[in-house]
Structures are given as structure tokens and as C-alpha cells.
Amino acid sequence: MSERLNQTIASSVGTPIAPPQPPSSSSKPMRAALTGIDAAKQLAAWTAVDEHVLPEHKLIGIGSGSTVPFVVERILAQGKELNKDRVFLPTGFQSKELIVNAGLTLGDVDQYPNLDVTIDGADEVDRRLNCIKGGGACQLREKVLAEAAETFIIVADFRKNSETLGTTWKQGVPIEVTPFAYARLLQNLHRMGSKAAALRMAKAKAGPVVTDNGNFVIDAPFSSSRYEEPEQILREIKMLTGVVEVGLFCNMAKAAYFGNEDGSITIKLADGTVHKREHRDV
Ligand SMILES: O=C(CO)[C@H](O)[C@H](O)COP(=O)(O)O
């Protein structure tokens, strides 16, 4: 978790949380403290929360990654009164910690299978809002919470905004797999045309990455022509025995918010329209 959010949380737990701020420029100074990519992530997250986490929303899915702490930061700023009747559902260990440390009420999707809204990051988003997710190996729970939500919103910095998947995210499609099936699955993915498909190895542990669900992750890159039809890739991978879930989210997001380097924001909607706001006006 970022030091900054730790501070926000520390100062809000056990003390009255500030009431929601009306849309005004008074919220700008906090953002000005950040620069570069972090500022872009915060801009996307704050704007998405302001527009999609409404007072009547009580069941809220919290995604994973480095953009999501800014989502929680902005939700906390809506105030204790609004948050006291809400339940927050995590997409993995990291977001569970975020929710608990923020003093928010934790729930799970087996108790609440219908959510009002889920906000999550993405590794790349194409012009039709298809996403690659799972850079943090959370794609299984992320997809369940995205599907469970009435509204699924993506928040990201400008680097994730592409015309076609695979443009900037070269690592491939993250696939959560049952451990004992991984070698067979690698063969099948190679046959499917993903010649570089490989088991994701841990960085500070000998051996593979193990997900929050005890599974392995295979990263499977595809050619740019295949990424033109991500739904077809998704269907083919889903048919392979031993696959638990695929980090391709097709036709799921209602909107994607991208913070830009210059302080503007790009909002892509599911109907294909793109809106650019020159200045943050929340
Ligand atoms: O899918 C994810 C984790 O499995 C994340 O949402 C994705 O990796 C984006 O993370 P970040 O906000 O750090 O760029």
C-alpha cells in the first residue's frame, strides 16, 4: 500500500471522516502533491469514484493494483456517514488489506453475489473496452466481482489506453490454471499460436507465482492480428482443460477512466464514444 494512503487511512480511522466535498476546485491541492504516473492514476480513480460510487450504493467491489488505493482514498473522503452502511468486497489479498486498514466493512461475494459497482485497474484497455487484467495475478476474483456488479468501471493511467490489446502490454494474457495441469496447458497454448506462453515465476521465492486461490499463472502473448478479436482468444483458452480463468475481460466494463500526463482525463465508454476533459472538474 502506498505511504500516502496509509497516512490517509491512519488519519481517518477512529476519527470523524470529512464530509463529502461538493464538486469544487478545493479538491485539487491534494492531487497537486503527486506528479507523473501517480497523479494520473489518482485523477482517474477520483473521477471514477465521484461519478460512479453514489450515495445509494451499498455493495462495492474493490479491485487490485497500484491505482486502486486512490479509489479507496476517494471513497473514504465521501465520509463516515455514507460509508457506515456500505460493505466492500475485495478482489484479493491486497484489496482486503486496503479495506480492513481503511476501517471499512469487509464482505465477500459468496454473501453478496450482486454488487452495485466494482472499480478496478487494468493492464491494457482497447477501443471497445476489452481489457487485459491479471498483472497482479488476481484475475479470477477480479472477474467474478466485475461480473457480479451492476456497473464495472476501469481506472488507469494513460499508458494503459490502447487501440488494440498487446500494443503496450507485451507480457501476454494472464491465465490462472490448476497447478498439475500447467505443463499440458503450455503445450496447448503453444499449439494455439502463443509460442512464448510461459509459467509466471515468482520474484522473491523459488518457483512459480501462486495466486490467492492456490493456482499457477501462465502468461500467453498473442500476435497483433489475434488481439483484434480478444473474444475469440478468450473462448479458445476457456475451452482448455485445467484453465480456471482468463485475464481477458470482454464486454464487461461500462467505462474506462484514464488519467493523462497533462492533467486531462480520457473517458472511454462501452458504446465506443471517447470523451476528453481538459481539466479535472470534480
Ligand atoms: O489486474 C490487475 C491485478 O491482477 C491490476 O488491476 C492491473 O495489473 C493494473 O494494476 P495497476 O493499477 O498497478 O497498473
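The legends below follow close-up views of a predicted model.

View 1. Around the ligand stand 16 residues. Those that come nearest are Ser-64, Ser-66, Thr-67, Asp-123 and Lys-160. By class, the shell divides into three nonpolar, eight polar and five charged residues.

View 2. The side chain of Lys-160 places a polar atom 2.4 Å from an oxygen atom of the ligand. A polar backbone atom of Ser-64 is 2.8 Å from a ligand oxygen. For Ala-137, a polar backbone atom is 3.4 Å from an oxygen atom of the ligand. On its own, the ligand has 380 Å² of accessible area, and the protein covers 91% of this.

**View 3. The whole protein, for orientation.** The protein has 282 residues, and 54% of them count as buried. Nine helices and 14 strands are assigned. Among contacts with a separation of 6 or more, 73% join residues 24 or more positions apart. The protein exposes about 12,600 Å². Carbon and sulfur atoms supply 55% of that area.

View 4. Mean pLDDT is 90, and 87% of the residues reach 70 or more. The model scores ipTM 0.98 and pTM 0.88.

**View 5. Helix H7.** Helix H7 spans residues 139–148. Seven of its ten residues are buried, so the helix is largely enclosed by the rest of the structure. The buried positions are Gln-139, Leu-140, Glu-142, Lys-143, Leu-145, Ala-146 and Ala-148. Two of these residues return in later views. Lys-143 is touched by Leu-248, and Leu-140 by Val-244.

**View 6. Leu-248 in strand E11.** Leu-248 belongs to strand E11. Is this residue buried or exposed? Leu-248 has a relative accessible area of 1%, under the 20% cut-off, so it is buried. Leaving aside residues up to four places away in sequence, Leu-248 touches Cys-131, Ile-132, Lys-143, Leu-165, Val-173, Pro-230, Ile-233 and Leu-234. Gly-61 is 187 residues from Leu-248 in sequence, and their C-alpha atoms are 18 Å apart.

**View 7. Val-244 in strand E10.** Strand E10 covers residues 243–246 and holds Val-244. This residue is partly exposed, with a relative accessible area of 27%. Val-244 touches Leu-140, Glu-176, Val-177, Thr-178 and Asn-215, with residues up to four places away in sequence not counted. Val-210 is 34 residues from Val-244 along the chain, with 13 Å between the two C-alpha atoms.

**View 8. Two residues with positive phi.** Most residues other than glycine have a negative phi. Leu-129 is not a glycine, yet its phi is positive, at about 70°. Leu-129 sits in the loop between strand E4 (124–125) and strand E5 (131–132). Its relative accessibility is 1%, so Leu-129 counts as buried. Asn-251 also has a positive phi, near 55°. The loop that holds Asn-251 runs between strand E11 (248–249) and strand E12 (255–259). Is Asn-251 buried or exposed? At 57% relative accessibility, Asn-251 counts as exposed.

View 9. Lys-203 lies in the loop between strand E8 (198–199) and strand E9 (216–220). With 85% relative accessibility, Lys-203 counts as exposed. From Lys-203 to Asp-262 is 59 residues along the chain and 34 Å between C-alpha atoms. Leu-76 is in helix H4, which runs over residues 68–77. Leu-76 is buried, at 2% relative accessible area.

How values were computed: Residues numbered from 1 in each chain as written. Predicted model: local features only at pLDDT ≥ 70, side-chain atom pairs only at ≥ 80, totals over all residues. Heavy atoms only, no water. Near = heavy atom within 4 Å. Polar contact = N/O pair within 3.5 Å; in protein donor to acceptor, adjacent residues only side chain to side chain. Areas by Shrake-Rupley, 256 points an atom, 1.4 Å probe, with all protein chains shown as cover. Nonpolar A, V, L, I, M, F, W, Y, C, P; charged D, E, K, R; others polar. Buried < 20%, exposed > 50% of the residue type's maximum accessible area, 1.4 Å probe, protein only. Helix = DSSP H or I, 4+ residues; strand = E, 2+ residues; numbered from the N terminus. pLDDT = per-residue confidence, 0-100. Contact = heavy atoms within 4.5 Å.
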